[in-house]
Amino acid sequence: MPVRPTVQYMLFWYIAETLPPNTEALLSQKTKEENGAYQKPPQFPRGMTLVERMKLDEGRDPPRHENTGVNEEEALYESHLLSLEDAREKLRGTIMADVLRLGWEAICTRQKMEKESVDLWL
């Protein structure tokens, strides 16, 4: 990405959770019924691990919802769902790769903590 004194970039990289397919369908229907009003998803069950959440998404690409920006500017934003490997490749050599690395490290740390917590009870 070129750096110039007259150009400013705003980039946001984030790691987001997806919704289980049945919850996704229910909220999409409610949104249509209520003229596009935001529908807050239910919380995941207390005690559900990240591994259990990830299993909910196996074999599917979660849908991307068009025109869900909160204002005119945000409506112009683009988002792409990428595998970890694809994201690493696209971001290699940039500061944004650090965001991805730190996010992934946090996920791995959480998984390790969850496993250790379960192992304590076995």
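**Exercise 1. Find what share of the 122 residues in the protein chain is buried.**

Step 1. Buried means under 20% relative accessible area, exposed over 50%, and partly exposed in between, with a 1.4 Å probe and protein chains only.

Step 2. Read off the share. Of the 122 residues in the protein chain, buried residues make up 16%.

Step 3. Note the source. This is a predicted model, in which local features need pLDDT of at least 70, side-chain atom pairs count only at pLDDT 80 or more, and totals for chains, interfaces and linings use all residues. Residues are numbered from 1 along each chain as its sequence is written, and side-chain values use heavy atoms, with hydrogens and water left out.

**Exercise 2. State how many helices and strands the protein chain has, and where confidence is lowest and highest.**

Step 1. Helices (H or I, at least four residues) and strands (E, at least two) are DSSP runs, numbered from the N terminus. The protein chain has four helices and zero strands, in the pattern α-α-α-α along the sequence.

Step 2. The predictor's confidence in each residue is its pLDDT, from 0 to 100. The average over the protein chain is 76, and 70% of the residues score at least 70.

Step 3. Confidence is lowest in helix 1 (residues 21-33), with a mean of 80, and highest in helix 3 (residues 84-91), at 89. Where pLDDT is low, the predicted coordinates should not be read in detail.

**Exercise 3. Name the residues of the largest nonpolar core and describe the two sides of helix 3.**

Step 1. A nonpolar core is a set of buried Ala, Val, Leu, Ile, Met, Phe, Trp, Tyr and Cys residues joined through side-chain atoms within 4.5 Å. The largest one has five residues: L84, A87, L91, M96 and L100.

Step 2. Helix 3 and helix 4 each supply at least two residues of this core. Helix 3 gives the most, with three residues.

Step 3. L84, A87 and L91 are buried in helix 3. They lie on the same side of helix 3 because they cover an arc of only 65° around the axis, the arc being that of the directions from the helix axis to the C-beta atoms.

Step 4. The face of helix 3 turned away from its buried side carries the exposed residues E85 and K90.
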